[in-house]
Amino acid sequence: MSVIYNKIQQIIGPLIFLKNNHNVQYGEIVKIYTNEGNIRTGQVVKISEDLIILESFEGTSGLSSENCQIFFTEDSFKLRISNDMFGGTFNSLGKPIDINQKDVREANISTDVERDINGSPLNPYAREYPSDIIQTGISAIDGLFTLIRGQKLPIFSGQGIPHNKLAAQIVTQAKVLTEEPFLIIFCGIGIIHDEAIYFLRRFKESGNIQNIISFINFANDPIMERLIIPRVALTTAEYFAFEQDMHVLVILIDMTNYAEALRELSSAKEEIPSRKGYPGYLYSDFASLYERTGKITGKKGTITQIPILTMPNDDISHPIPDTTGYITEGQLVLNRNLYKKGVYPPFDVLASISRLMKDAIGEKTTREDHADINSQLLASYSSALEVRDIISIIGEDALNLEQTALLKFSNDFENIFLNQDFNENRDFNTTLDLAWKVLSNLSESQLFRIHQRFINKYYKKKKV
Amino acid sequence: MTKSESIIDDKGYISAIYGSLIEIKGFESKVRVHDLIKISSHNIFGEILQIYSDHVVAQCFEGTNNIKLSEEVINTLEPLSMELSPGLLTHIFDGIQRPLELAFNDSKSNGFLERGFFLPPLSRTKKWHFIPQVKKNSDINHGDVIGTVQETPSIVHKIMAQPGTSGKLSYIVNEGDYTIVDTIYSIQSNGKLKDYSMLQKWPVTKSRPYMKRIIPSEPLITGLRVVDLLFPIVKGGTVAVPGGFGTGKTVIQQSLAKWCNADIIIFVGCGERGNEIADALKQFSELKDPRTGRSLLERIFIIANTSNMPVSAREASIFSGVTIGEYYREMGYDVAVLADSTSRWAESLREISGLLEEMPAEEGYPSYLASKLSSFYERAGVVQTFGKDLSGKEKIGSLTIIASVSPPAGDFSEPVTATTKRFVQAFWALDANLAYSKHYPAINWLTSYSNYPEYISDWWFERDIDWAEIDRDWYEIRNQVNEILSKENELKNITQLIGEENLPEDQRLILFIAKLIKDSFLMQNAFDEIDNFTGIKKLLGHIKLIILLFKEANELLKNDVIIEDLKDLDIIDKILRIGHTIPNNKFQKLTNLKEEMKKSLNNIKYSLEFSKKL
């Protein structure tokens, strides 16, 4: 029988203080019934002999010391997961919602299993080093920063840069090149209602919706839900990956909203802040999400993560991108200037890296010339940007032949290779052929990173 | 050993829970700071941090969900300790020495670490082949080698008398196979007889006693040219490797683990990525130790406390690593402890300090950050250990600490980097700009430093035997290289203003040689089979070649040769490719290259003289 409390001692931010009258569990879930008839969920965060402190997941707005009843469930929060979830949209507590109404929908979703959303850490010894690929159909990612199953590869964006479009494109296009089952879990954290509707419309139009599970937390939802929803999404991912043998790709957007919620809660708890007001445990907290990725020895399924975050003021040294970069295996950075030039997706290819791709690409998986091309494109583009700097000082006329070729190459690289329509789905072959096309601006001697046999096979010098 | 375990435990109960901290009431007054406690029904371990008049505060090594007030807590009456015996090497443990391999193989945990899993760190049933090395009735003191066990095909594990032991050996088993808990010898001391097994324990926060410290005099050869020439470390030294993300900290740590000339490597993955541990494990087991031809893993002990594993166990992990290191040092081995990363360790300290509501110093870190860091780094050193080795010799061992630091936003003025600098003798500053331009290892030659060259110049002098015509030794060459690089840095500003073409020829030569040093010598490819390790012979030859070029070129410039003539020489291209074209064991090739260089420089000279005559 559950214990019920009728009186609250103190309310501070999302925290509720009760006089301790029974033997409560740490982390226990409570239900808060208000006089108006709505139910909120909360969790025990501190117990002493006198006090119980709860955190309300749905805020404390409207609560008074006597207008609600608090039920102790004698259980920690358990997420219900089932195969009925495919194609559905859920809130941060795993309840199905109607995106247009934003309400919890009464629906018959069965429960196959119940899982604790905090999960357990993966044994590092049990990890298998990831080496299989995912095709996103986006040249910049597939060609230069190939996504590996079991990798966590974030996208660093900024306000006003179309990362939403990019996220939607990845969700609708990503696939594994084998016949194995592939599931995408889309987790919107603190996103605007209109964005949510946009995403779901894109998913529906793609015709692939039965392979997508969406979790949405709206910008005006309580902050506690914001902190729960990625855990709900990842718990679902772990079930389908490691118990149902599926390859799961999790998109978390926008991690900046998550971090701000963490900061808000931390200051409500009067914790000592570290950089820019974020709590000192930002790293550990991020790691508890990002590290729920990978491949386990002896299991077929994998979890891959693409967390997307907006860098405040485009500052890559801000604690949110900085902390993320220390945990993830590379990063994809979007560039505002490139976007303004009309390039989509506007990847800053020199600031981006995918750390796990070096052992995964090549003849067996993508194509024999992939590694060479990758290294050549980046090297030539880097030299080309130096040429652009020179032009701004001495003008285009003073360039030598090599420099002119590099300049042409860099323009083609941006406009033909990087740039693609947001409905355009390119396979590896198309991407690599396009790479040869833009490299054809260069003379053979400028292709110093490419083995001769590939030059013989693929290279055709562009006629000037 | 079994006797000490049977002491009656001290019991108490939980009176408050917040995060990973619990308050306990009911312990008797004999509870000590750092005693290990256990929440009995959940099998969760913790450590006493604070003692108040009516309660104590302890941090748990795992999460506290579902725990209730008044649950029973047992004080084990001993501090967190490492189990020491054969069976450590090649294996992987978490920060409090729980065996991760066994956890994966034995349980139904599906690859996840369930809370409260507990297995003895070292197998109680595996038998080791013990060879006694002392005779009955010998006098035995702490550190004396009682016998040996071939722990891995590359490493002999010496079974030593435990600290505090002194007496007569009254019994020792014959050569044979024994488990680590079988009694293998007994010592008679003050009329009392005590039995010992191979297993011993040592508290992680306490430095293992030794006879005396010895001034380091031998370098730890890392195979990284920039380190071994410019910023060397010694066996028994300390070095910090700070760098922002993407600057290659982990690659440096891993390549040191693979190639440095220590006997034993303790690799502590502290709060870093899980996939990196998987990568390291895979590489260590696949790669061969160049000295023994056996798997590298045979000399490696790994602690993995990844970023998502419990934070309080992360705090213990670097001390756990150094405790194991001190044990192998006592056997007379050269041990290197590689900790990646101490920033994550400091963050765990900050987190626990925050929960304790202590007054923070800089950026939320506790004010005792410095004293904790010094207690870690000060455990490095060369020592003469207690006790006698086989055949009665003295044992000298070393413990080197190589710790990476991850400063937020690559800012070296933040508290952890700044404090670490006070306790280390060498500092390899990783530079984001170098990494960005693909110059690896991205060790900045202007901001890095090492205080060790004076300690080891004699060692190098003795080994500097080739090419008598270049009368500079390692120490002088290093000074000259430093000089060239810092001159280049000064010239850089002028060059940007007036253009390189307008500099005098001798300054252009400095720029040219500096570039050659950077691109040919300092840059090194960790993934190339030849370039990943440079031995001392090749290192000296390689840099001497460049210095000789500098010297001869200076002469030529005085005779009106212009720098462009030098740049166009074929030999330059060959010098640039020394790293990955000339293997360590083909020194003759380097000598040939030197002769070729001399010849082509002479050719310039002759053609010049010839044209002058005309």
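This is a predicted model: local features need pLDDT of at least 70, side-chain atom pairs count only at pLDDT 80 or more; totals for chains, interfaces and linings use all residues.
Residues are numbered from 1 along each chain as its sequence is written, while chains are lettered from A and ligands numbered from 1 in the order in which they are written. Strands here are DSSP runs (E, at least two residues), numbered from the N terminus, and two strands pair if DSSP finds at least two bridges between them.

**Around β5 of chain A**
- Strand β5 (residues 39–48) and strand β6 (residues 51–56) of chain A pair in the antiparallel sense over five bridges, and a hairpin of two residues links them.
- The bridge partner of A:S48 in β1(B) is B:A16.

**The buried strand β18 of chain A**
- Seven of the seven residues of β18 (residues 247–253) of chain A are buried (20 or more other C-beta atoms within 10 Å of a residue's own, with C-beta atoms placed from the backbone), so this strand is largely enclosed by the rest of the structure.
- In a regular strand the side chains alternate between the two faces of the sheet.
- Both faces of β18(A) are covered, with A:H247, A:L249, A:I251 and A:I253 buried on one side and A:V248, A:V250 and A:L252 buried on the other.
- Strand β16 (residues 182–191) of chain A runs parallel to β18(A) and is joined to it by seven bridges; A:I185 stands opposite A:V250.
- Strand β20 (residues 302–310) of chain A pairs with β18(A) in the parallel sense, over seven bridges, and A:T302 is the bridge partner of A:H247.

**An open sheet in chain B**
- Four strands of chain B form an open antiparallel sheet in the order β12-β11-β9-β14.
- β12 (155–160) and β14 (176–178) of chain B stand at the edges with a single partner strand each, so one side of each has no neighbour in the sheet.
- Strand β11 (residues 145–152) of chain B runs antiparallel to β12(B), joined by six bridges, and B:T152 stands opposite B:I155.

Methods: A residue is buried if 20 or more other C-beta atoms lie within 10 Å of its own, exposed if 12 or fewer, and partly exposed in between; C-beta atoms are placed from the backbone.
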